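Look at the sequence and the model before reading on.

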Amino acid sequence: MWIDLLPVALLGGLLGLDTVSFPQAMVSRPLVAATLAGTLFGHAVSGLLVGAALELVALDTLPFGASRYLEWGAASVVGGAIFATHPSHPPGAMEMSMVAALATAWIGGWTMVKLRERNAVWAARRREALDAGARGAVVELQLLGMSADFARGALLAILAYALFAPLTTAAIGTWGTDARISRAVVVTVAASVAASAAWKIFHGVTGARWYFMGGLVLGLGMLALE
């Protein structure tokens, strides 16, 4: 059990850190994060599949400004890891992986708010040094904040995985729906959320639909060349 939990914790911490603190390289996006988690368990394709479904849901999240949003980095690690531990993709596996990831993402958003409040407290304690432009105080505050964010992501991932992994196994044992129908339900719901997000973007951003059509044509052209 601990052998499974350690890589989940480390990857969850790193990708939770990437979400906001550093380096914001987009590796915390569900498609990438879940695939990496699946790779850790020897089934990258399983991670990719659930990551694609999560990415469709995450399209409705706009992580900028002072808004509160879901934290997809650590959450996608949990979802990808759980789905990868059931490589035969039995009925209920994808549903439970999505539920685990969504619940973790929601809680992760709350933990990010609490961490920002704690960062404000730490900054207030160093106000005089910061006002004086003390380089040491700035570096110390930055490192403290990033270390706390890494610990937040790692702890969130390890607790969520430890909770949802056995729940998923138990649910799969009693799930009676056909596996193909089970997966089709997840894809349909995720695609509906993505379509809603695309509709809002098309009507709120000038030229967005043309950029989308251009990307679609380019992608289909690349597939045709292969």
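A crossing is right-handed if the near helix is turned clockwise from the far one by less than a right angle. In this predicted model, α3 passes α4 in such a right-handed crossing. Two packed helices are described by the angle between their axes and the distance between the axes.

**Helices α3 and α4**
- Helix α3 spans residues 44-58 and helix α4 spans residues 72-84.
- Their axes come within 8 Å and cross at roughly 140°. That angle makes α3 oblique to α4.
- On the α3 side, the contact includes Leu-49, Val-50 and Leu-54. On the α4 side, Trp-72, Gly-79 and Phe-83 are among the partners.
- The residues of this contact divide into 8 nonpolar, 5 polar and no charged.

**Helices α8 and α9**
- Helix α8 (residues 179-204) and helix α9 (residues 208-225) have axes that come within 7 Å and cross at roughly 125°. So α8 is oblique to α9.
- Ile-201, Phe-202 and His-203 in α8 meet Ala-208, Arg-209 and Phe-212 in α9.
- This contact has 4 nonpolar residues, 1 polar and 1 charged.

**Nonpolar cores**
- The largest nonpolar core has 23 residues. Val-8, Phe-41, Val-77 and Tyr-161 are among those with the most contacts inside it.
- Elements α1 (2-19), α2 (30-40), α4 and α7 (135-174) each give two or more residues to this core.
- The largest share, 8 residues, comes from α7.
- A second, separate core has 17 residues, including Val-57, Ala-75, Ala-93 and Val-186.

Note on methods:
Residues numbered from 1 in each chain as written. Predicted model: local features only at pLDDT ≥ 70, side-chain atom pairs only at ≥ 80, totals over all residues. Heavy atoms only, no water. Axes fitted to C-alpha atoms, helices over the stretch in contact; angles between N-to-C directions. Helix = DSSP H or I, 4+ residues; strand = E, 2+ residues; numbered from the N terminus. Parallel < 35°, antiparallel > 145°, perpendicular 65-115°, else oblique. Contact = heavy atoms within 4.5 Å. Nonpolar A, V, L, I, M, F, W, Y, C, P; charged D, E, K, R; others polar. Core = buried A, V, L, I, M, F, W, Y, C linked by side-chain atoms within 4.5 Å. Buried < 20%, exposed > 50% of the residue type's maximum accessible area, 1.4 Å probe, protein only.
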